[in-house]
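Open the model in a viewer and keep the selection panel at hand. The stops below go from one selection to the next.

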Amino acid sequence: MERSQDGGLTGSQMARIGRVLAEPRRVQMLREIAACKEPTPCARLHGAHRVSAATLSHHIKQLRMAGLVEIVRKGKFASLILQRDVLRVYVDHLSTI
């Protein structure tokens with residue numbers, strides 16, 4: 001995800017993150033990913049959320065496109081890492097409103 005010249009997020013990035021986090025399931029997924037010190041396997045999220053694989057994939061894609069998670073692949077398995085710096089910049093920006 002590109003940053004603005006001052007190292008923050010652009011207006012469109014802020015809006016995208018806001019739209020992504022408007023879905024409660026995605027917020028819960030972020031909490032679960034953040035609770036793990038190691039990359040969180042996608043299978044773990046799938047077991048915790050009773051949704052189809054396609055729906056889970058959609059939520060993960062939205063989180064990735066917003067820059068909130070990074071996907072790490074190992075063979076055919078995928079794990080997620082929370083991008084704390086992006087989330088921190090987003091929250092910091094909101095706190096100035």
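**Helices across the sheet**

Select helix H2 (residues 24-35): H2 lies across E1, E2 and E3 and runs at about 90° to E3. Helices (H or I, at least four residues) and strands (E, at least two) are DSSP runs numbered from the N terminus. Axes are lines fitted to C-alpha atoms, for helices over the stretch in contact, with angles from 0 to 180 degrees between N-to-C directions; contact means heavy atoms within 4.5 Å.

This is a predicted model, where local features need pLDDT of at least 70 and side-chain atom pairs count only at pLDDT 80 or more, while totals for chains, interfaces and linings use all residues. Residues are numbered from 1 along each chain as its sequence is written, and side-chain values use heavy atoms, with hydrogens and water left out.

Next, select helix H4 (residues 53-65), which lies across E2 and E3 at about 120° to E2.

**The sheet**

Now show the three strands: they form an open antiparallel sheet in the order E1-E3-E2. Two strands pair if DSSP finds at least two bridges between them. Strand E1 (40-41) and strand E2 (69-74) are at the edges with a single partner strand each, so one side of each has no neighbour in the sheet. E1 pairs with strand E3 (residues 77-82) over two bridges, in the antiparallel sense. Pick Pro41 and look opposite to find Ser79 in E3.

**H1 and H5**

Finally, select helix H1 (residues 11-21) and helix H5 (residues 84-95), whose axes come within 11 Å and cross at roughly 100°. On the H1 side, the contact is made by Met14, Ile17, Gly18 and Leu21; on the H5 side, by Val86, Leu87, Tyr90, His93 and Leu94.
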